[in-house]
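Please examine the sequence and the structure shown below. The briefing that follows sets out the main features by topic.

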Amino acid sequence: MEIERAFTAMVQDNRGALVRLARRYAGPEDWQDLLQEMQLQLWRSFGSFDGRAQRSTWLYRVALNTALSHVRKPRRDHRSLDDVPEQGDAGHAVDPMDVLDEFLAMLDPLQRSVILLDLEGLPREQVADVLGLSVNAVAVRMTRLRQLFEQRFLED
């Protein structure tokens, strides 16, 4: 019973982050299924948490691995950078969340993970730990991704 309470508290404390990850890795039709799958995988592996990493690091690692498995399935709506219109092309205001969604859809799963964990406010050290990268590799990837975003969506 104590394990169930600890698990429930952990999921509730991190629900917002899990929902955001699910929404970014799954389409509007199936993000709730991905969220449920993330929670199932967290439950299945909860007993194996050994405390070597922070609990939040472990949670992100399990959730991201579940999301990455989800995106490895063939997707019909994946588009390349060249397929996305420039910000001013349509002659109307662009919703920032739509721009972010478009940008995330263009990235490979590791790039998307780096950005999403950064947006969650995780320190670079924790992002590195979750993704199995060095802190320097995370910093370099973030710099390159920011430059790519700026080139594509912010420059006139």
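L122 is placed in the loop between α6 and α7, where helices (H or I, at least four residues) and strands (E, at least two) are DSSP runs numbered from the N terminus. L122 is buried, with a relative accessible area of 9%; buried means under 20% relative accessible area, exposed over 50%, and partly exposed in between, with a 1.4 Å probe and protein chains only. The model is a predicted one, in which local features need pLDDT of at least 70 and side-chain atom pairs count only at pLDDT 80 or more, while totals for chains, interfaces and linings use all residues. Residues are numbered from 1 along each chain as its sequence is written, and side-chain values use heavy atoms, with hydrogens and water left out.

**Surroundings of L122**
- Not counting residues up to four places away in sequence, L122 touches Y60, L117, V127 and V130, contact being heavy atoms within 4.5 Å.
- L122 and S56 are 66 residues apart in sequence, and their C-alpha atoms are 9.5 Å apart in space.

**Overall organisation**
- The protein has 8 helices and 0 strands, in the order α-α-α-α-α-α-α-α along the sequence.
- Of the 156 residues in the protein, 36% are buried.
- Among contacts with a separation of 6 or more, 66% join residues 24 or more positions apart.

**Helix α1**
- The 12 residues of α1 (residues 2-13) should span 16 Å at 1.5 Å a residue, and the end C-alpha atoms are 16 Å apart, which agrees; the expected span is 1.5 Å times one less than the number of residues.
- Buried residues in α1 are F7, M10 and V11. They cover an arc of only 95° around the axis, which puts them on the same side of α1; the arc is that of the directions from the helix axis to the C-beta atoms.
- An α-helix has 3.6 residues a turn, so residues three or four places apart point the same way.
- E2, R5, Q12 and D13 are exposed on the face of α1 turned away from its buried side.
- The buried residues of α1 pack against α2 (15-25), α3 (31-46) and α4 (55-71).

- In α2, the buried residues are A17, L18, V19, L21, A22 and Y25, and they pack against α1, α3, α4 and α6.
- The largest nonpolar core has 44 residues, of which L18, L21, Y25, M38 and L117 touch the most other members. Such a core is a set of buried Ala, Val, Leu, Ile, Met, Phe, Trp, Tyr and Cys residues joined through side-chain atoms within 4.5 Å.
- Two or more residues of this core come from each of α1, α2, α3, α4, α5 (96-106), α6 (109-119), α7 (124-131) and α8 (135-154). The largest share, 9 residues, comes from α4.
- Leaving aside neighbours within four places in sequence, L21 is in contact with M38, Y60, A63, L64 and L116.

**Helix α8**
- The 20 residues of α8 should span 28 Å at 1.5 Å a residue; the end C-alpha atoms are 27 Å apart, which agrees.
- V138, M142, L145, R152 and F153 are the buried residues of α8. They cover an arc of only 110° around the axis, which puts them on the same side of α8.
- N136 and R144 are exposed on the other side of α8.
- The cover over the buried residues of α8 includes α5, α6 and α7.

**A charge over a ring**
- R23 lies over the face of W31, at 4.0 Å from the ring centre; the criterion is NZ of Lys or CZ of Arg within 6 Å of the ring centre and within 35 degrees of the ring normal.
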